Amino acid sequence: MPFASLKLHPDLLKAVKELGFVRPTPIQEDAIPPALAGRDVLACAQTGSGKTAAFLLPIIHRLIEKPRRTTRALILTPTRELAAQILEDLNALAVHTPVSGAAVYGGVGMGPQEHAFRSGVDIIVATPGRLLDHFRMPYAKLAGVEYLVLDEADRMLDMGFLPDIRRVLRHIPTKRQTHFFSATMPQPIAVLANEMLKNPEQIRLQRQSAPAVGITQAVYPVPQDLKAALFVALLERNILREALVFTRTKHRANRLAEHLVRAGINAARIHGNRSQAQRTEALAGFKNGKYRVLVATDIAARGIDVEALSHVVNFDVPAVPDDYIHRVGRTGRAEATGDAFTFVAPEDEGELRAIERAINRTLPRVTLPDFDYRARPQARLEIPLAERIAAIRQRKSDERARSRAKAGGGQRKGEEAWAKRAPGASRPAGPSRSSGGRRPPTRSRS
Ligand code: AMP
C-alpha cells in the first residue's frame, strides 16, 4: 500500500517522502485510517514499529485542517528521551505545515516550557511528573485539548506513573480523541484503556512475541569476567562498527564505559543518574559519530532511536524476555536490518532459555575465533554486592567510632588524633569510598 492511499494532507506526504518512508508500516496502515476518521485507537506496538508516525500523522493532519492558537494535542510518554525523540519526529513530519510542538519534561528549566503553554503551541509532548508541576501554575491550561496520546502505557505502569496519568486526565476535556499505545496489555493497562477510550479501533492486540524481521541474533557464551574484553575485541576487529549496549545496572554501565575509554574507544553512557545535559550530549554524540558506543541501562534507553544503527548488544541477559524483544526490536528499524548480540555467562543460561521459549527459537551460539576465553581478566567490572555491603558496614562502624570519640571530648590523645584523620584513612584499601561507592577504575582481582 503506498502512503498516498492513506489520504493524508499533501504537506505530510511530502515530508514522509523526504524522510525516505516508502510505504506505511503495518501499524501505520491499521491505525491511521480510523484515526483520520476520528475514532479512538487502542494499539499494541513496540518501538521500531513506526508507532510514533502512526499517531503523529493523523493528529497533524487534523490540526492543519482547522488551525487555532491553543494547545490542542497532548502526548504523554514515560521518559525524557522518548519525549525529545517524539518532538524530533514531530518536527520532521510537520516541517511543511504550520503545526508547532514543544516538549515538557523534567531535568531542565521550567521557563521555556512555560512559554510553550503561554504561546499555545499546537502539540505538547510531556512526561507526566513535569506536566503536573506546570499544572500548579495558572498559565498551564489544557482545556483546549482535542487529541490525547498515551505512549508506552505499559512502561508508564512499570515506572509507577499510573496515578500521575489519572491526575493529568482531570486537567483535560473528556470530549477528545484518544490514541493509546502499549507494547503489552497487562491487566492494569487494559483497565486504564477501558477508562480512557470510547469504542476504540483495536489494533494488533495479539501480542507478536517475535522481534522484527531482518535482525540477525546471536549469543556469545562468555565467562562473566571476560565480557568487557570480548566486547572490546568485537569492536577492535570491526565486527561491531558501533553499538548500543545494555547493562543490567547503572553501576555496570559506568564501569563498562570507563573500561572502553581506557581501551581507547569513544564511549558515552546514559542512565538515570545522569543529568539531562549529559544524556542529551551522549545521545547526540552517538548519533553524530563522536561516540562509537553508547552504554545504557534499559529504562534510560527507552525510545532511543538511532537511524541505521547496526548493533544492539545485551551485555547482560535481560531478566525479562519482553525486554529482550523490545531492545532487539530497536535495531529492526522499519525496513533496516541490524544485528543483536547477547553475552551469556554460564549463570545466565536459565534466563536465556526463557527468552528462547518466548521467541520460540533457539539462538545460534557464536564464539569469536582466537579470543582467549581462558584469559585472566585485567580488571573486575563490578565489585560483588557482598563486598560492597561489607565496605559500607565498615564505613558506618568507623563513623560511629569517630562520633563516640568526639562525644567523649577527645580527652585521650590517641582518640583525638584518630578523630582528626580524613574519612576513610583508617581503612585498608578496599572498595568503599566516602563518595558513596564509586570505585577507582582499575582494581585487580584479589
Ligand atoms: P518508532 O516505532 O515510532 O520508534 O519508529 C521507528 C523508526 O522507523 C523511526 O526511525 C522512524 O523514522 C522509522 N519509520 C517510521 N515509519 C516508517 C515508514 N513508513 N517507513 C520507514 N521507516 C519508518
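1. K51 is placed in helix 3 (residues 51–65). Helices here are DSSP runs of H or I with at least four residues, strands are runs of E with at least two, and both are numbered from the N terminus. The model is a predicted one, in which local features need pLDDT of at least 70 and side-chain atom pairs count only at pLDDT 80 or more, while totals for chains, interfaces and linings use all residues. Residues are numbered from 1 along each chain as its sequence is written, and side-chain values use heavy atoms, with hydrogens and water left out.

2. Is K51 buried or exposed? Its relative accessibility is 5%, so K51 counts as buried. The term buried means under 20% relative accessible area, exposed means over 50%, and partly exposed lies in between (1.4 Å probe, protein chains only). Leaving aside residues up to four places away in sequence, K51 touches I27, A45, Q46, D151, E152 and F181; a contact means heavy atoms within 4.5 Å. One of these partners, E152, is 101 residues from K51 along the chain, yet the two C-alpha atoms are separated by 10.0 Å.

3. The next point concerns the protein as a whole. It has 17 helices and 13 strands. Of its 446 residues, 51% are buried. Among contacts between residues at least 6 apart in sequence, 77% join residues at least 24 apart. The protein exposes about 20,600 Å², and carbon and sulfur atoms supply 52% of that area. Accessible areas come from the Shrake-Rupley method with a 1.4 Å probe, and for residues only the protein chains shown count as cover.

4. F180 belongs to strand 6 (residues 177–182). With a relative accessible area of 0%, F180 is buried. Not counting residues up to four places away in sequence, F180 touches V41, L42, A43, L150, A153, I189, L192, A193, M196 and L197. F180 and D151 are 29 residues apart in sequence, and their C-alpha atoms are 6.4 Å apart in space.

5. How do the two helices lie? Two packed helices are described by the angle between their axes and the distance between the axes. Helix 8 (residues 162–169) and helix 9 (residues 187–196) pack at an angle of about 0 degrees, with axes 12 Å apart. Axes are lines fitted to C-alpha atoms, for helices over the stretch in contact, and angles run from 0 to 180 degrees between N-to-C directions.

6. R204 lies in the loop between strand 7 (201–203) and strand 8 (216–221). Its relative accessible area is 30%, so R204 is partly exposed. R204 touches P26, I27, D30 and C44, not counting residues up to four places away in sequence. R204 and D30 are 174 residues apart along the chain, with their C-alpha atoms separated by 8.6 Å.

7. Helix lengths can be checked against expectation. The expected span is 1.5 Å times one less than the number of residues. Helix 4 (residues 80–93) has 14 residues and should span 20 Å, which agrees with the 20 Å between its end C-alpha atoms. Its buried residues include L82, I86, L90 and L93. Helix 11 (residues 250–262) has 13 residues and reaches 18 Å from first C-alpha to last, close to the 18 Å expected. Helix 11 is followed by G264, whose phi is positive, near 85 degrees.

8. Most residues other than glycine have a negative phi. N238, in the loop between helix 10 (227–236) and strand 9 (243–247), has a positive phi near 60 degrees. N238 is exposed, with a relative accessible area of 52%. D370, in the loop between helix 15 (349–359) and helix 16 (385–407), has a positive phi near 65 degrees. At 77% relative accessibility, D370 also counts as exposed.
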